[in-house]
Every structure is written in structure tokens, then in C-alpha cells.
Amino acid sequence: VIIDETPELIQSALQHLDEELQAIPEKEAYELAEMFCPDYVRSTNFRLMFLRSTKFDATQAAKKLVTYWSRKVELFGPDRAFRKMS
């Protein structure tokens, strides 16, 4: 299925993603990421990766985003999880 990524669709999906993220109660690693690297976490391109991976299902994208940060902290520890990877 090919999705026509109009500016309206992207704006709406990003807004819905924000709402879904707010509704997730357990998201400690995600919240830490927002504190330590807010420009990255809130960037449109970063968020679109998760939306595209779920065919713009904001609920699933929010869960994936929270899981991403949890796993990153689990693998690299809180001291390294929020640094730029090269």
C-alpha cells in the first residue's frame, strides 16, 4: 500500500502521535530522551520514521517510539543512550 504523504497527512499524523505519546503512562526512557536530546526526539524526520514504519498508525508508532528509547537505554545505559551515535 502506497500512502500519499501530503503535508496535511503529515501534520495530522504528527499531532496524533503527540497525543498518543501523552497517553502512554510508562515512558521513563522516552522522557529522559526528551530532556537530554529534545531536538532529536522532537524532530519531524525522526518521528516520521516511526509513523512510516506503522503506515501512519499513531498508536503503534507511539508504542514503537517508547520501546525504541527503552531498548536504547537497556543496551547502552543511561549515560550513553542519549549521545549521538557515529
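A crossing is called left-handed if the near helix is turned anticlockwise from the far one by less than a right angle, and right-handed if it is turned clockwise. With that in hand, the crossing of helix 4 and helix 5 is right-handed. Please keep in mind that you are looking at a predicted model.

**Helix packing**

| Helix pair | Axes come within | Crossing angle |
|---|---|---|
| Helix 4 (residues 44-53) and helix 5 | 8 Å | roughly 125 degrees |
| Helix 2 (residues 28-36) and helix 5 | 7 Å | roughly 85 degrees |
| Helix 1 and helix 4 | 11 Å | roughly 85 degrees |

Let us begin with helix 4 and helix 5, whose axes cross at roughly 125 degrees. That angle makes helix 4 oblique to helix 5. On the helix 4 side, the contact is made by Phe46, Phe50, Leu51 and Ser53. Helix 5 answers with Ala58, Ala61, Lys64, Leu65, Tyr68 and Trp69.

Helix 5 also meets helix 2, and here the crossing is roughly 85 degrees. The two are therefore roughly perpendicular to each other. Ala29, Tyr30 and Ala33 of helix 2 touch Leu65, Val66, Trp69, Ser70 and Val73 of helix 5. Leu65 and Trp69, listed here for helix 5, are also among the residues that helix 5 brings to helix 4.

How are helix 1 and helix 4 oriented to each other? They cross at roughly 85 degrees, so they are roughly perpendicular. From helix 1, Ile10, Ala13, Leu14, Leu17, Asp18 and Leu21 take part, facing Thr44, Arg47, Leu48 and Leu51 of helix 4.

**Salt bridges**

Side chains of opposite charge can pair when their charged atoms come close. The structure holds 5 salt bridges. One of them joins Glu5 and Arg52, with the closest N and O atoms 2.7 Å apart. Glu5 sits in the segment before helix 1 (7-23) and Arg52 in helix 4, so this pair ties together parts that are 47 residues apart in sequence.

**A surface patch**

Finally, have a look at the outside. Leu75, Phe76 and Met85 form a nonpolar patch on the surface, and together they have about 340 Å² of accessible area. Of these, Met85 lies in the segment after helix 5 (58-76).

Notes
Residues numbered from 1 in each chain as written. Predicted model: local features only at pLDDT ≥ 70, side-chain atom pairs only at ≥ 80, totals over all residues. Heavy atoms only, no water. Patch = residues over 30% accessible without salt bridge, like charges linked within 9 Å, V, L, I, M, F, W, Y side chains within 5 Å. Areas by Shrake-Rupley, 256 points an atom, 1.4 Å probe, with all protein chains shown as cover. Salt bridge = Lys/Arg side-chain N within 4 Å of Asp/Glu carboxyl O. Helix = DSSP H or I, 4+ residues; strand = E, 2+ residues; numbered from the N terminus. Axes fitted to C-alpha atoms, helices over the stretch in contact; angles between N-to-C directions. Parallel < 35°, antiparallel > 145°, perpendicular 65-115°, else oblique. Contact = heavy atoms within 4.5 Å.
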